[in-house]
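Hi,

Here is the structure I promised to pass on. Have a look at it first, and my notes come after.

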Amino acid sequence: MTVLNQTHSIDSALLSGLLGGDTFWPTEPRNLHETGLSESYIDALILKIFLGTGTLSGRAMAERTGLPFCVIEPLLEAQRTRQLITHVRPAAFNDYYYSLSENGQKRAQTHMSHCAYTGPAPVPLSDYVLSVEAQAAGMDPIGYDDLRAALAGISHNNELLDQLGPAINSNSGMFLFGPPGNGKTTIARCLTQCLGQEIWIPHAFLDDGNLIKIQDDAFHRPMPIPQTGDGIIKAQQWDHRWVRIQRPTVIVGGELVMDNLEVRHDPRSNTCEAPLQLKSNCGCLLIDDFGRQRIQPEELLNRWIIPLENRIDFLTLPSGKKIEIPFEQLIIFSTNLNPDQLVDEAFLRRVPYKIMVNDPDPKEFTRIFNHNVEKMGFPPVKGAAEHLLRFYEQSGRSLRRCQPRDILTQVNNFCKYKKIPPQLRPDFLDQACKSYFSEL
């Protein structure tokens, strides 16, 4: 692998340009030793893949394992010599199709009973740790223009930007608190866009015989590999055990339990699933609606006091061994409650930024309303926003940023029911407010 802050045989500035600005590049292993895995481990993985798929060519096996053909080919020949696999027929490019022999099937079933994983080969834990440290350090400080661009689709004020900017650059933690419906979750989702270029993660890593899966389609969005033409580093020359993704945003809400923050072992497959904070490394972890989880806030926060302080987390493997993992993400606690009511002073000190997202004033509310009128295709009607504001004034309700969109959606649905074009009649707005706010 290549980390650009270390000394290499080619100029690091040139390499950085070729790799699209990446601070870490998983270089392709040239031999078995450079994979960081034992021959017996890869042998077992190959046999399990054959057991599940039947006949494969050598190059197809290389693709399945994520390892180069120059590493896989001698292992296949050794297995054929030991009569674990057999040639089926020739394949293109001086290759062969292989399948399991009777002895190979028995051996594969034994390996499968020990560990049922058949995905791309894992990387050593040390390689994963190095990748996180390099890519977390590669996050450039953001400026006003960066933050403004990331929040371009959200109504906000400059005061909020001046609070969010330093909090993001701290790469530590923040509370976003305030009344519901003002965009706290939406703001948190957008903040990851400020954190810079894409990152590399392995499909899984291995330590002391324990396999921990990291890549998760629910949180990780694959990104294209930078194309370099005929440069020094070819676009194809990367370790295919790694995947390039958009910096992750992991969002959890009331369903969060303590098990989500620990390595979860599946006894049937004998594999482990990475906890949420590990899946969000070099990105953002949003604890939405904090304080309403199925666990007490104190229990959750006590779990993270040391990681927030030292940027290191300790995870326990099924074998009982504890491993040290970088804790490098922006953690956002979004809540409708005041943080002082949820946690004690010791924890508040470790989450140094508390940012209140206030209600909009009538001027901002009107701007949001008019923007949604245009976006949803309503013909503009003079005085429509003022009519809605009078309802709020008479009912004593607080303004929320989400409500213009929600109320206009109800008006649009009412027009569809009446089979008429969208229009902003005062009685339609009153009808929407009555159903939206449960007005008597």
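Predicted model: local features only at pLDDT ≥ 70, side-chain atom pairs only at ≥ 80, totals over all residues.

Numbering starts from 1 along each chain as its sequence is written, and side-chain values use heavy atoms, with hydrogens and water left out.

Domains first. The protein splits into domain 1 (38-118), domain 2 (125-224 + 237-356) and domain 3 (362-437), with bounds that come from an automatic or database domain assignment. Taken over C-alpha atoms, the centres of domain 1 and domain 2 are 38 Å apart. Eight residues of domain 1 touch eleven residues of domain 2 (contact means heavy atoms within 4.5 Å). Together the two bury about 670 Å², 66% of it on carbon and sulfur atoms; buried area here is the accessible area (1.4 Å probe) that two parts lose on being put together, summed over both. On the domain 1 side, Tyr41, Gly66 and Tyr117 lose the most area to domain 2, together 56% of what that side buries. Between domain 1 and domain 2 there are zero salt bridges (a side-chain nitrogen of Lys or Arg within 4 Å of a carboxyl oxygen of Asp or Glu).

Now strand 18 (residues 330-335). Helices (H or I, at least four residues) and strands (E, at least two) are DSSP runs, numbered from the N terminus. Six of the six residues in strand 18 are buried, so the strand is largely enclosed by the rest of the structure. Buried means under 20% relative accessible area, exposed over 50%, and partly exposed in between (1.4 Å probe, protein chains only). Leu330, Ile332 and Ser334 cover one face, while Ile331, Phe333 and Thr335 are on the other. Strand 7 (residues 173-177) runs parallel to strand 18 over five bridges, with methionine 174 opposite isoleucine 332. Strand 15 (residues 284-287) is also parallel to strand 18, through four bridges, and there cysteine 284 has leucine 330 as its bridge partner. Two strands pair if DSSP finds at least two bridges between them.

There is also an open, mixed sheet of five strands in the order 6-9-10-14-13. Strand 6 (123-124) and strand 13 (264-266) are at the edges with a single partner strand each, so one side of each has no neighbour in the sheet. Strand 6 and strand 9 (residues 204-207) are parallel over two bridges, and valine 123 is bridged to phenylalanine 205.

On charges, the count comes to 16 salt bridges. One of them joins lysine 321 and aspartate 207 (2.9 Å, N to O). This pair links distant parts of the chain, 114 residues apart: lysine 321 is in the loop between strand 16 (312-316) and strand 17 (322-326), and aspartate 207 is in strand 9. Lysine 321 is partly exposed at 34% relative accessibility, whereas aspartate 207 is buried at 14%. Another salt bridge holds aspartate 266 and arginine 268 (3.9 Å, N to O); aspartate 266 is partly exposed at 28% and arginine 268 is exposed at 75%.

Happy to talk it through.
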